[in-house]
Amino acid sequence: MRTKILGTGSNLPRKILTNADLEKIVDTDSEWIVTRSGIHERRIADEQDTASSLALPAVQTALTRAGLTPSDLDAIVVGTITPDMVFPSTACILQNKLGCRQIPAFDVSAGCTGFLYSLIISDALIKAGGYRNILAVGVELLTKITNWQDRGTCVLFGDGAGAAVIGLSEDPNSGVLGSFWSADGSFGNLLEMPAGGSKMPASAETVAKNLHTVKMLGNETFKAAVRAMEEASLEGIKAAGLKVEDIDWLIPHQANIRIIEFTAKRLNIPMERVIVTLDKYGNTSSSSVPIAMDEAFTSGKIQKGDNVLLVAFGAGFTWGSLVFKA
Ligand SMILES: CC(C)(COP(=O)(O)OP(=O)(O)OC[C@H]1O[C@@H](n2cnc3c(N)ncnc32)[C@H](O)[C@@H]1OP(=O)(O)O)[C@@H](O)C(=O)NCCC(=O)NCCS
């Protein structure tokens, strides 16, 4: 039995924040941001936007491209660390907004690997039997949990949503070939939002100390990301029964152009074969891979028969990959 990505969609807020705009907010300069991260601008959600409202248009596009309606869905899995609220899950809120049948719906917390985890779980559920079409979403509004006084993080993040419908493949020659996922919780404190959970519930003090925002040790995270992206790529390719030279397109998590270039170099994949969107969107966490994949499909870059490698790394630390034949 083989599964296949039947349709993709993405949605970006309209509001653009450029590096020049950031120069007015924190002590930074555009050249530093471009040289150290590759980011030129990012999209910022409106105050009333939520994970489910940003995801909905992306999901509707993915369903249309798959030739399906919400009633065809058998489960919804949403990768996000910026849900509408702690509970109910964004997946349940989306289910209600879509008007689906009563089907399983749940969120996955895996930082920037959230979409990859969601897609891998969806693939496994279909292969286990009983599920035909599953919606996997990556959506993030990181700018709502950003400390705008911390120049080490606020220049990196942006908001966005991406979605994919995965289902049974009728074509035995295309579809998901293999995947890999892993985690190492001993790195948890390098990238975290300390308050708002049971360890440190929200209080006047947690708000005053800015503890409801992203804290990151950038340099240590960078080193771990480079190692994890390479490992996840190689393991995913191995699970797919392919060799590195068989990969036509690399679609990596968009955290930093230097991490992407390093990963491509280690895999010997030329940058012309790597999908890069972070110059215009920044690091959109779990939505970066589905957005990049959607753009690769709609721009016509991915052609039938191409082998595509999706790979991501994120808070936890978590990392994962999935290889499919288009
Ligand atoms: C954040 C990141 C871009 C910083 O780049 P870096 O080369 O590691 O830079 P450093 O953190 O070592 O900082 C170097 C200097 O730049 C300064 N700096 C940091 N942010 C700056 C900014 N926005 N503008 C100007 N200078 C800045 C630092 O204060 C430091 O100055 P110092 O040497 O005087 O102390 C990089 O570490 C990174 O991308 N990390 C991984 C991010 C990531 O993958 N996160 C998500 C995982 S999903």
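User: How many bridges join E8 to strand E13, and which way do the two run?

Analyst: Two strands pair if DSSP finds at least two bridges between them. Strands (E, at least two residues) and helices (H or I, at least four) are DSSP runs, numbered from the N terminus. Here, E8 and E13 (residues 318-325) run antiparallel, joined by eight bridges. One example: Ser-182 has Trp-319 in E13 as its bridge partner.

This is a predicted model: local features need pLDDT of at least 70, side-chain atom pairs count only at pLDDT 80 or more, and totals for chains, interfaces and linings use all residues. Residues are numbered from 1 along each chain as its sequence is written.

User: What is the order of the strands in the open sheet?

Analyst: The order is E8-E13-E12-E11, four strands with mixed pairing. E8 (175-183) and E11 (249-252) each have a single partner strand, so one side of each lacks a neighbour in the sheet.

User: Which residues come nearest to the ligand?

Analyst: A residue is near a molecule if its C-beta atom, placed from the backbone, lies within 6 Å of it. The ligand has 22 residues around it, and Thr-28, Cys-112, Gly-218, Ala-255 and Asn-256 come nearest. Helix H2 (30-37), helix H6 (151-154), helix H8 (218-239) and strand E12 (307-314) each give two or more residues to this shell.

User: Which element gives the most to the shell?

Analyst: H8 does, with five residues.

User: Which domains does the shell draw from?

Analyst: Domain bounds come from an automatic or database domain assignment. The shell takes at least three residues from each of domain 1 (3-168) and domain 2 (175-325).
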